[in-house]
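Hi everyone, thanks for coming. Have a look at the structure on the screen, and I'll walk you through a few spots in it.

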Amino acid sequence: MVPAADVERGRQKAQVCAACHGPGGNSVIPGTPSLSGQPAQFIATQLIMFRIGNRKDPQMSPLAANLTNADVNDLSAYYTAQPVAPPARVTAPENAAAGRRLTEQHHCVSCHGPALKGQQNIPRLAGQQIEYLRAQLRGFKASTRFDMDGQMSSAAQPLSEADIERLSDYLAGLK
């Protein structure tokens, strides 16, 4: 039996994660996602996907390989409970309205929520690192990014490179 998730145990286990994901899970490294405020189910699912090799990353894969289910639950509880830092990025004015239209046109708000803060196993996009957002959208479009149910790969197919830039800038600047 796996013990109930514990935020304090998660905080202790997350100390090694802070080098990349930042204090409290608020990344300041371009290309590295912020984990603060992400839905617990999303964090747990991603850690398990790294652990079993469905998602691959030179830094994350070896770290996740040794995580127990209790570790995954504790880390998920910790990061979910952390306050989200205000985004450092200010969306370019020309991308604000265009980005919002793209999130509605491509149904991003249907899964990620109206404020794009994520829910259940769907991640928070609002305020995420722009480089990370770009890389994930490009990976989904190219079908090189693991996609559990194919929804994101399908959603990314019609996006042009300009759309990816507008969306990434818009999302990165959202509070």
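This is a predicted model: local features need pLDDT of at least 70, side-chain atom pairs count only at pLDDT 80 or more; totals for chains, interfaces and linings use all residues.

Let's start with A156, which touches L137, F140 and K141, leaving aside residues up to four places away in sequence; contact here means heavy atoms within 4.5 Å. A156 sits in helix α9, and helices in this talk are DSSP runs of H or I with at least four residues, numbered from the N terminus, while strands would be E runs of at least two. Is A156 buried or exposed? It's buried, with a relative accessible area of 0%. The cut-offs are under 20% relative accessible area for buried, over 50% for exposed and partly exposed in between, using a 1.4 Å probe and protein chains only.

Residues are numbered from 1 along each chain as its sequence is written, and side-chain values use heavy atoms, with hydrogens and water left out.

Okay, on to helix α8, residues 130-142. Its 13 residues reach 18 Å from first C-alpha to last, close to the expected 18 Å; that expected span is 1.5 Å times one less than the number of residues. Which residues of α8 are buried? They are I130, Y132, L133, R134, Q136, L137, G139 and F140, and they pack against α9 (151-156) and α10 (161-173).

Most residues other than glycine have a negative phi. But L116, in the loop between α7 (108-112) and α8, has a positive phi near 60°. L116 is buried, at 0% relative accessible area. Q120 is found in the loop between α7 and α8 too, and has a positive phi of about 50°. Q120, though, is exposed, at 57%.

Now for α3. In this helix F42, I43, A44, T45, Q46, L47, M49 and F50 are buried, and the buried residues pack against α4 (60-65) and α5. After α3 you get G53, whose phi is positive, near 95°.

How do α3 and α5 cross? The axes of α3 (residues 40-52) and α5 (residues 69-81) come within 8 Å and cross at roughly 140°. Axes are lines fitted to C-alpha atoms, for helices over the stretch in contact, and angles run from 0 to 180 degrees between N-to-C directions. That angle makes α3 oblique to α5, because under 35 degrees counts as roughly parallel, over 145 as roughly antiparallel, 65 to 115 as roughly perpendicular and the rest as oblique.

Last one: α6, residues 93-105, whose axis comes within 8 Å of that of α10, crossing at roughly 105°. So α6 is roughly perpendicular to α10. Among the residues that meet there are R100 and L102 in α6, and D163 and R166 in α10.

That's my tour, so over to you for questions.
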